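Please look at the model displayed here together with its sequence.

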Amino acid sequence: MKAAVYSRHDEEGVKINPSASKPTSAKSGFALIQVVCAGVNPVDAKAQIGDKLPESWEGMARWVMEGVGCGFDFSGVIVDVDESSSGFKKGDAVIGTMPPLQGSMREYVV
């Protein structure tokens, strides 16, 4: 599975990890979603640049974010879900946000 991650060694600050681990099924209470679209927000740039930190710490922000998934918002289609514990079913179109440091710019999210 492909996933976009922050990279302080790449000129763009982001690289594609072609071998990110792919979730195989939804955990109880969650859904496995194939991402169709992921958004880029100002908070993504803040994570990369570290502009809310003192100037002397900017390099540290890039070091801490190395390899962390990019993005928060996504839309997609449910490919696996425990239908008995939610109102969702396979094939439903959904929108959502990922917790910090997990990233939505990947092929699948849970």
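Asp 73 has Thr 97 in β5 as its bridge partner, where strands (E, at least two residues) and helices (H or I, at least four residues) are DSSP runs numbered from the N terminus. This is a predicted model, in which local features need pLDDT of at least 70 and side-chain atom pairs count only at pLDDT 80 or more, while totals for chains, interfaces and linings use all residues. Residues are numbered from 1 along each chain as its sequence is written, and side-chain values use heavy atoms, with hydrogens and water left out.

**Strands and sheet**

The strands β4 and β5 run antiparallel and are joined by 5 bridges; two strands are said to pair if DSSP finds at least two bridges between them. They belong to an open sheet of 4 strands, ordered β5-β4-β3-β6 and paired in the antiparallel sense. Its edge strands, each pairing on one side only, are β5 (93-97) and β6 (108-109).

The chain as a whole contains 2 helices and 6 strands, and these follow the pattern β-β-β-α-α-β-β-β along the sequence. Strand β1 pairs with strand β2 (residues 14-17) in the antiparallel sense over 4 bridges, and within this pairing Ala 4 stands opposite Ile 16 of β2. From β1 (residues 3-6), Ala 3 and Val 5 point one way, whereas Ala 4 and Tyr 6 point the other way, and all of them are buried; buried means under 20% relative accessible area, exposed means over 50%, and partly exposed lies in between (1.4 Å probe, protein chains only).

**Nonpolar cores**

A nonpolar core is taken here as a set of buried Ala, Val, Leu, Ile, Met, Phe, Trp, Tyr and Cys residues joined through side-chain atoms within 4.5 Å. The largest such core has 9 residues, namely Ala 31, Ile 33, Val 35, Phe 74, Ile 78, Val 81, Val 94, Met 98 and Val 109. At least two residues of this core come from each of β3 (31-38) and β4 (73-81). A second, separate core comprises 6 residues, including Met 1, Ala 3, Ala 20 and Tyr 108.

Contact means heavy atoms within 4.5 Å, and once neighbours within four places in sequence are set aside, Val 109 is in contact with Ala 31, Leu 32, Ile 33, Val 35, Phe 74, Met 98, Gly 103 and Ser 104.

**Charged pairs**

Side chains of opposite charge can pair when their charged atoms come close. A salt bridge is counted when a side-chain nitrogen of Lys or Arg lies within 4 Å of a carboxyl oxygen of Asp or Glu, and by this rule the count comes to 2.

| Salt bridge | N to O distance |
|---|---|
| Glu 66 and Arg 8 | 3.5 Å |
| Asp 92 and Lys 89 | 3.1 Å |

**An exposed loop residue**

Pro 18, in the loop between β2 and β3, is exposed because its relative accessible area is 59%. The C-alpha atoms of Pro 18 and Lys 2 are separated by 4.3 Å, although these residues are 16 apart along the chain. With residues up to four places away in sequence not counted, Pro 18 touches Met 1 and Lys 2.

**Whole-chain values**

The C-alpha trace spans about 50 × 25 × 20 Å along its principal axes, and buried residues make up 31% of the 110 residues in the chain. Among contacts between residues at least 6 apart in sequence, 64% join residues at least 24 apart.
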